[in-house]
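Dear colleague,

I am handing over the structure below, together with some notes on what came out of going through it. Please read the notes with the coordinates open beside them.

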Amino acid sequence: MSDSTMVEEQAIDTEETGQHNGAMLQIRDLRVWFELRRFGFGRAGWVRAVDGVNFDLLHGEAIAIVGESGCGKSTLMKTILGLYQPTDGKVSVQGDAVGKLGSVGLKEYRSKIGYVQQDPFGALPPFMTVRAILEEPLAINNVPVHERAERIKKAMVEVKLTPVDDFLGKFPHMLSGGQQQRVVIARAMILQPALIVADEPVSMLDASVRVEILKLLRALQESHNLAVIYITHDLSTVRYFSERIFVMYAGKLVEKAPVLSLLRNPEHPYTHALLAASVDPDARNASSLREVPPGEPPSLVHPPSGCRFHPRCPKRIEGLCAEEEPPEFESHPGHLTACWLYK
Amino acid sequence: MTDRSLLRVEDLVLYFRTSGGTVQAVDKVSFELQRGEAMVILGESGCGKTSLAKAILRLLPRNVHRYSGSVILDDMDVMQLDDEDFRRRVRWIKMSMVPQAAMNSLNPVLRVGDQVAEPMITHFDVSKRDAMTQVRRMFEHVGVPLDFVKRYAFELSGGMRQRVAIAMSLVTSPDLILLDEPTSALDVLTQANIMNVLKRIKKDMDASFILITHDIATSSELADRVAVMYAGQIVEVDTAENFFDEPLHPYSKKLMASVPRLRADQEPEFIVGQPPSLLNPPLGCRFAERCDFRFEQCSEEPPLMDKDGRQVRCWLYAKEYEKMLAREAGV
Ligand SMILES: Nc1ncnc2c1ncn2[C@@H]1O[C@H](COP(=O)(O)OP(=O)(O)OP(=O)(O)O)[C@@H](O)[C@H]1O
Ligand SMILES: Nc1ncnc2c1ncn2[C@@H]1O[C@H](COP(=O)(O)OP(=O)(O)OP(=O)(O)O)[C@@H](O)[C@H]1O
Ligand SMILES: [Mg+2]
Ligand SMILES: [Mg+2]
């Protein structure tokens, strides 16, 4: 694809999607399916990891995506990052639709998004120093050599890896888990992205270091007007570090709401289940069992008909939930729930 | 020792030899555990929790520099046993462990049922058939569908693999089960399921637990008592009621303040600074450098002190200091 056709396509996308309304990321009817192969028999089916996701992310806004293991959170993120191609639907960041970009365009697209991946301990190459790790994205994006030292220093100061000279020559194994995660964040920040995608950025860390890293991300978000997508299964941290929560179940977003609206007035039965399973520290917790919905998350190859949560749902409406897939209902402004109870 | 007492650990020490010097991972740890009781060991990464569990179960690496103290289990000091006796009489029989990341270390080429049966077959003289009956009973306890005995680990979800690991620790009916971070890598619903399983087992089997974790909220699901470790030492031992209500040690207080609350609007705070190196821990109180209440006395190492039946390693609770405070208040 030549550069000029790309520019044309961008222009069309911008018109279609109405860039001016402040959405920096738009996701429309996104489907990301993985082919399931069987030896000798060709395709055995599809893993519908993301199956019809819609949302807009505003400039400078932090959203959290919560949901059980395997519900498709990382797949959604990797598609936003341009690492996976959408099977159907559209992802666009500031007007660039991923999937329509050539390799040059994709490189530029990726440079707009910083990625903090799930496992900090596997995220850093073990035989590279902090300096080399931070220089790599600059080199790939042709930042002139004489600017690099200054950019690296600035990024390290921002994530409080100071005094900078103490850390530049260190290898990842010489750093604590929290310090390693700071290096990962510095690397994500170094190309001055407009969006940071953080996939379980703190799940491997201690309570205190978790808070420290989340506060750091929050401060960067505010000072740089960054948009942040924070993926987690820990609802308790979400309250303090994001503006909206999206609840994901079996490849779909089942509830989208501002943080306090969701925590105070949860709607979807699955959201209720997540909240009931999350505890604050309290000695009385030991004297009762937690309520947990029966069963396990469904197969993404053969998802249940109708609402995907219906086999586990205590409030299932006979004759409806197993047959028809619920659309999103907006019970209060900005609070959307895909559940027939809110029709 | 009271007649309900199951385990008494006294001055347990485990140091490692490294090229940089001696790592004082477990430094004179003492505590007692009752039958049927669950004790939680809380503390930051690297404070020595796993090393403590390994010291209790004598699962030692090669580079041990010093290993001493007593581990009295049912009135027998198992530290006095030689390795062969320990293996024959203690490990699996009296105590078992669900190691950190157990769910990822199941043998990939063995069916999970056979794997869970293995400790029974090697430690007790039982037939494969009887062992499998016991395995099914354990699967029922921990909520693994019975037809899973024939499956391989990779065919199970993380939560199911963790249940299998727990079933394996129970299959020989030990008195004490050590669980090292059993829920850390799991999502909230799976965590809640596993904690429910542990609660049921505790009730039905009258087993004792040592639960090691840095997840403070989840730990309150099982804890009868709480021990807090900092830099290789125990700094507080308390009942769960006291601890989760208002812990004593300045470190414990900060640890509690770092827990984000879902149901209260209370911005979590992190603990500034880092724990000291275990290569050369400071001579006085190990937390002093990060403590808001530090005073001259803290350059001396505080002992574990009694404060109304609660134990705390902090000079703030020394009798003389409390008297001094009272005097000052009186003036
Ligand atoms: N590259 C791939 N090929 C085939 N299937 C995949 C691939 N990546 C993910 N999947 C499947 O897609 C589903 C969603 O996986 P994903 O990693 O997105 O979940 P997640 O919500 O991030 O889970 P976790 O909380 O465990 O990280 C899973 O069933 C997974 O096995
Ligand atoms: N075999 C060993 N040789 C040398 N040092 C070791 C060895 N095992 C552990 N250590 C060190 O001992 C200290 C305590 O480690 P340990 O694994 O007991 O901590 P932990 O509290 O379980 O941490 P985490 O929460 O990260 O699991 C750490 O500084 C660790 O690096
Ligand atoms: Mg993931
Ligand atoms: Mg450990």
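How many residues surround ligand 2, and which are the closest? In this model, which is a predicted one, 18 residues surround the ligand, and the closest of them are Ser45(B), Gly46(B), Thr50(B), Ser51(B) and Asn63(B).

A polar side-chain atom of Ser51(B) lies 2.5 Å from an oxygen atom of ligand 2, an N or O atom in the side chain of Lys49(B) is 2.8 Å from an oxygen atom of the ligand, and a polar backbone atom of Cys47(B) is 3.3 Å from an oxygen atom of the ligand. Taken alone, ligand 2 exposes 630 Å², of which the protein buries 68%.

As for where the shell around ligand 2 comes from, the elements that contribute two or more residues to it are β1 (5-18), β2 (21-34) and α1 (49-57), all of chain B, and the largest share, three residues, is supplied by α1(B). Sorted by class, the shell holds nine polar, six nonpolar and three charged residues.

Eight strands of chain A make up an open sheet with mixed pairing, and their order is β6-β7-β8-β3-β9-β10-β12-β11. At its edges are β6 (113-116) and β11 (329-332) of chain A, each of which pairs on one side only, and from one strand to the next the twist averages 20 degrees.

Where does Ser203(A) lie? It is found in the loop between β7 (195-199) and α9 (207-224) of chain A, β7 being one of the eight strands in the sheet order given above. Leaving aside residues up to four places away in sequence, Ser203(A) touches Gln118(A) and Arg210(A). The C-alpha atom of Ser203(A) is also separated by 7.7 Å from that of Thr232(A), although the two residues are 29 residues apart along the chain.

With kind regards

Notes: Residues are numbered from 1 along each chain as its sequence is written. Chains are lettered from A and ligands numbered from 1 in the order in which they are written. This is a predicted model: local features need pLDDT of at least 70, side-chain atom pairs count only at pLDDT 80 or more; totals for chains, interfaces and linings use all residues. Side-chain values use heavy atoms; hydrogens and water are left out. A residue is near a molecule or strand if one of its heavy atoms lies within 4 Å of it. A polar contact is a pair of N or O atoms within 3.5 Å; within protein, one must be able to donate a hydrogen and the other to accept it, and residues adjacent in sequence count only if both atoms are side-chain atoms. Accessible areas come from the Shrake-Rupley method with a 1.4 Å probe; for residues, only the protein chains shown count as cover. Helices (H or I, at least four residues) and strands (E, at least two) are DSSP runs, numbered from the N terminus. Ala, Val, Leu, Ile, Met, Phe, Trp, Tyr, Cys and Pro count as nonpolar, Asp, Glu, Lys and Arg as charged, and the others, Gly among them, as polar. Two strands pair if DSSP finds at least two bridges between them. Axes are lines fitted to C-alpha atoms, for helices over the stretch in contact, and angles run from 0 to 180 degrees between N-to-C directions. Contact means heavy atoms within 4.5 Å.
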